Amino acid sequence: MSKETSFITKCIHVGNGIDKETRAIRRPITMANCYRLPEDASSINWSDPNQILYTRNTSANQLYLQQRLASLEGAEDCVVLASGVAALAGVFFTFLDKNSHVICSNVSYIAVYRLLNEYLPEKYNIETSLVDTSNLEEIKKAIRPNTRLIHVETPGNPTTRISDIEEIAKIAKSAGALLSVDSTFASPYLQRPLELGADLVIHSLTKYINGHGDAMGGAVLGKKDLIDKIKAQAMVNLGGTISPFNAWLIMRGVVTLPLRMEQHSHTALKVAQYLESNSSVKFVAYPGLESHPQHEIAKKQMKLYSGIIAFALKADAETHNKFINSLELIVPAVSLGHDESLIVYTGASDERINFYPENFRDGYIRFSVGLESAEDIIEDLKQALQKCGL
Ligand SMILES: *Cc1c(COP(=O)(O)O)cnc(C)c1O
């Protein structure tokens, strides 16, 4: 398939093929731990993560999915792992040596915060600077001679903070550091960090890319030499390999990614506008709103603004809980990017709360707007607010 082939066509066709034995027009799920060796195995590299030999090193379904995701992200290569966190840990354990320094978004996924701020510094003497990566000056000031990696999450979970990938890539380049971007909230349909100069893109496949809430996975994409290093560490040596069944499910989920991201984004904008117009709402953070502090950067680097909204009510924790439990359609659960709308209220107890924008600090709601109609979602929010006397 050529580089010009459209995104949705790649979602459907890349990595698929005719099964040689049955002539099925879809790849089968190959649930095997190992594969028949060649007659002369004397010259085999037993740890080759690109040869199908033993499923911890790679599997057929994993290779098909890697091919598809690489084409969508415009990447030379891709490694798919057991979860988004396995992908993030794969990047950190592969590229951070002892005594090296990393700069990271001060609001990022909780496992990233703990790995970079606690685990790796304590065990391997890695130094971490947590900065507001929407502020380029803060990043520049944090650079040190031993800075190996800048890691940003954009949009950030849960604040929806946007960081300017193109500008940060320039800073990373001049510092001789790698830039890794967790692009989970956007998916490759809305944002392609490699085209903006990032070295590595990370996705939790559990979220939008699978999109159906029934499988976990993670991916890292970038140049082949970098990805090969991650494969050798994260799978062969650390064992974070994805199950072939999950790889197959995600391969099926990604087929409709563009359709879903359009629907999520258009609905979320309507829902965010409704919330912003409601006098019982304290604040709404959604990159598609003009009131979002980095709306202009989002507009520059994203096609649409995805489906995650953060907001809070002008109310105490008890009322927030009552609101969440009064919802009839929207499901209170963690995770995001599923077909159904998911909502979670986080009180002020979060260990990262002091890094959050001021208006988040008394507690906030993270709302993953699903594929239901905007009218039904807004109706559900309205009736729940009413039950709370708001
Ligand atoms: C969920 C999430 C992760 C972790 O992914 P898992 O698949 O749950 O391990 C990482 N980054 C972001 C932005 C996420 O939302």
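The model is a predicted one. The protein's domain assignment places domain 1 at 7-254 and domain 2 at 257-387.

Polar and charged pairs
- The interface of domain 1 and domain 2 holds one salt bridge by the rule applied.
- Asp164 and Lys300 form a salt bridge, with 2.8 Å between the closest N and O atoms.

The side of domain 1 that touches domain 2
- Four helices, α1 (7-13), α4 (110-124), α6 (165-175) and α7 (187-190), each contribute at least two residues to this side.
- Sorted by class, the side of domain 1 that touches domain 2 consists of 21 nonpolar, 16 polar and six charged residues.

Layout and contact
- A distance of 27 Å separates the C-alpha centres of domain 1 and domain 2.
- Domain 1 brings 43 residues to the contact, and domain 2 brings 38 residues.

Buried area
- About 3,400 Å² is buried between domain 1 and domain 2, and carbon and sulfur atoms give 61% of that area.
- Of the area that domain 1 buries against domain 2, 23% comes from Tyr189, Leu190 and Tyr208, more than from any other three residues.

Technical notes:
Residues numbered from 1 in each chain as written. Predicted model: local features only at pLDDT ≥ 70, side-chain atom pairs only at ≥ 80, totals over all residues. Heavy atoms only, no water. Domains from an automatic or database assignment. Contact = heavy atoms within 4.5 Å. Buried area = accessible area lost by both parts, 1.4 Å probe. Salt bridge = Lys/Arg side-chain N within 4 Å of Asp/Glu carboxyl O. Nonpolar A, V, L, I, M, F, W, Y, C, P; charged D, E, K, R; others polar.
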